[in-house]
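Take a look at the chain below and keep it in view as you read. We will walk through it one part at a time.

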Amino acid sequence: MEKPIYLDNNATTKLDPRVFEKMKPYFEEEFGNPASQSHCYGWEAELAVKNARVEVAKLLNASPKHIFWTSGATESNNIAILGLIKHLIYSQKVKPHIITSSVEHKAVLDVFKHCENFGAEVSIAPVNEFGQVELSTLEDLRKENTAFISVMAANNEIGTCNKLEAIGAWCKKHDIVFHTDAAQAMGKIPINVETMNIDLLSLSGHKMYGPKGVGALYVNLDNPKVKLSPLMFGGGQEGGLRPGTLNVPGIVGLGEASKIALLQFDEENKKNCSLRDHLINEVLSNIPQAKLNGHPTERLSNNINFSFKDLSADLFALGLSGLAVSSGSACSSKSSSSSYVLRAIGVEDKLAKASLRIGLGRFTKKEDIDLCCSKIKGLFK
Ligand SMILES: *Cc1c(COP(=O)(O)O)cnc(C)c1O
């Protein structure tokens, strides 16, 4: 049986063959431990990790010494948020107030929930109809003891981008630490931790044509308020913030993926935006029952999210065979409840269940989008 066309690039991306080629030697002849200081196996691995750190830093306009390797965005989010909370509560003996948004990935929302057990005061900011956090909302929630906020760069279900520069400026003005989960944003929206005043940023290899199981956390060590207590203890790697022998092939892959993302930034986003807008226009102009979720323009170049009126789930599944897309509640899990992200932007439950996320990618071709288009139209014939 032929495999369906992959249009689920917000869930994960295919490893770029160039990334794979770059990683290969580090599984084979260059297998050293970068912590081994007494022979060339260690030195080669150390150099490879150093070079990768430079590439990831470049993508963020950061200093390489502010990049810390992790296993992915989930771990980066946990180290950032819990690390700050642990420092504030145990070392500073304060009860901090922290803010996040209602449409964050579970890898932020559930960490915030856990912070409440630690004694933190948590506010969940509602979002506007497009899924963006507004400054006026943050201002309403702000308290004397607001220590940090976590607001995602771009949403994984509806592709909406937040106004990072404005949020960063607001944080700076009020001396609040700013963390952003940028797993979806890398290579798709320009990220500059300097001009955006970002203190902590999480990213993930497998969302940017790199390998799974590797990610990074940017930490603005120049801001004295950014103090993280480690969550794990061991051999002291990564400045003691994230101990454990480094995943050298993965790190090399993430470095190469970052390099390619920067190199192809304009070309790739232009291609995806054009395919995205073509599909959106075709569907909205031919199917009156269709509605686009998220922001019409301030959205990821690779994300489309539709809801369809008067469509049963069974018809949906049948009509879309041949396409690997994410539909309805399947967006988040196997549960039958509708997406909390769609509900947060005011999509009614029934409509939220009849929704479809289409994730374009580096390897998506015009023919793939044409087929997707005709399948969606076919649902309403
Ligand atoms: C995929 C994703 C994560 C989780 O990343 P992993 O590297 O798989 O742990 C976190 N946040 C967002 C916004 C994501 O899209």
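**A walk through the chain**

The side chain of Ser202 makes a polar contact with the side chain of His179, at 2.9 Å. A polar contact is a pair of N or O atoms within 3.5 Å; within protein, one must be able to donate a hydrogen and the other to accept it, and residues adjacent in sequence count only if both atoms are side-chain atoms. This is a predicted model: local features need pLDDT of at least 70, side-chain atom pairs count only at pLDDT 80 or more, and totals for chains, interfaces and linings use all residues. Residues are numbered from 1 along each chain as its sequence is written, and side-chain values use heavy atoms, with hydrogens and water left out.

Stay with Ser202. It lies in strand E7, residues 200-204. Helices (H or I, at least four residues) and strands (E, at least two) are DSSP runs, numbered from the N terminus. Is Ser202 buried or exposed? Ser202 has a relative accessible area of 0%, so it is buried. Buried means under 20% relative accessible area, exposed over 50%, and partly exposed in between (1.4 Å probe, protein chains only). Ser202 touches a list of residues beyond four places away in sequence, including Ala73, Ser76, Asn77, Asp181 and Leu217. Contact means heavy atoms within 4.5 Å. Trp69 is 133 residues from Ser202 in sequence, yet their C-alpha atoms are 10 Å apart in space.

Now step back to the whole chain. It is divided into domain 1 (5-14 + 265-378) and domain 2 (18-263). These bounds come from an automatic or database domain assignment. The centres of the two domains, taken over C-alpha atoms, are 27 Å apart.

Where do the domains meet? In domain 1, 32 residues are in contact with 38 residues of domain 2. Together the domains bury about 2,700 Å², with 52% of it on carbon and sulfur atoms. Buried area is the accessible area (1.4 Å probe) that two parts lose on being put together, summed over both. Across this interface there are 22 residue pairs in polar contact, both residues at pLDDT 80 or more. Helix H8 (265-286), strand E10 (303-308) and helix H10 (340-344) each supply at least two residues of the side of domain 1 that touches domain 2. The largest share, four residues, comes from H10. That side divides into eleven nonpolar, 15 polar and six charged residues. Here Ala, Val, Leu, Ile, Met, Phe, Trp, Tyr, Cys and Pro count as nonpolar, Asp, Glu, Lys and Arg as charged, and the others, Gly among them, as polar.

Next come the charges. Side chains of opposite charge can pair when their charged atoms come close. A salt bridge is a side-chain nitrogen of Lys or Arg within 4 Å of a carboxyl oxygen of Asp or Glu. By this rule the count comes to 19 salt bridges. How many lie between domain 1 and domain 2? The count there is one.

Arg53 and Glu238 form a salt bridge, with their closest N and O atoms 3.0 Å apart. Arg53 sits in helix H2 (residues 40-60), and Glu238 in the loop between strand E8 (215-219) and helix H7 (248-263), 185 residues apart. Both Arg53 and Glu238 are buried. Another salt bridge joins the side chains of Glu298 and Lys163, at 2.8 Å from N to O. Glu298 counts as partly exposed because its relative accessibility is 31%. Lys163, at 45%, is also partly exposed.

Arg276 and Asp277 form a salt bridge too, at 2.9 Å from N to O. Arg276 is buried, at 5%, while Asp277 is partly exposed, at 29%. Elsewhere, salt bridges that share partners join Asp16, Arg18, Glu268 and Arg362 into one network.

Asn155 is in the loop between E5 and H6. With a relative accessible area of 1%, Asn155 is buried. Its side chain reaches the backbone oxygen of Val103 at 2.8 Å. Beyond four places in sequence, the contacts of Asn155 are Val103, Thr160, Gln184, Leu300 and Val341.

Ile376 is in helix H12, residues 366-378. Ile376 is buried because its relative accessible area is 0%. Among its contacts beyond four places in sequence are Val283, Phe306, Phe308 and Leu356.
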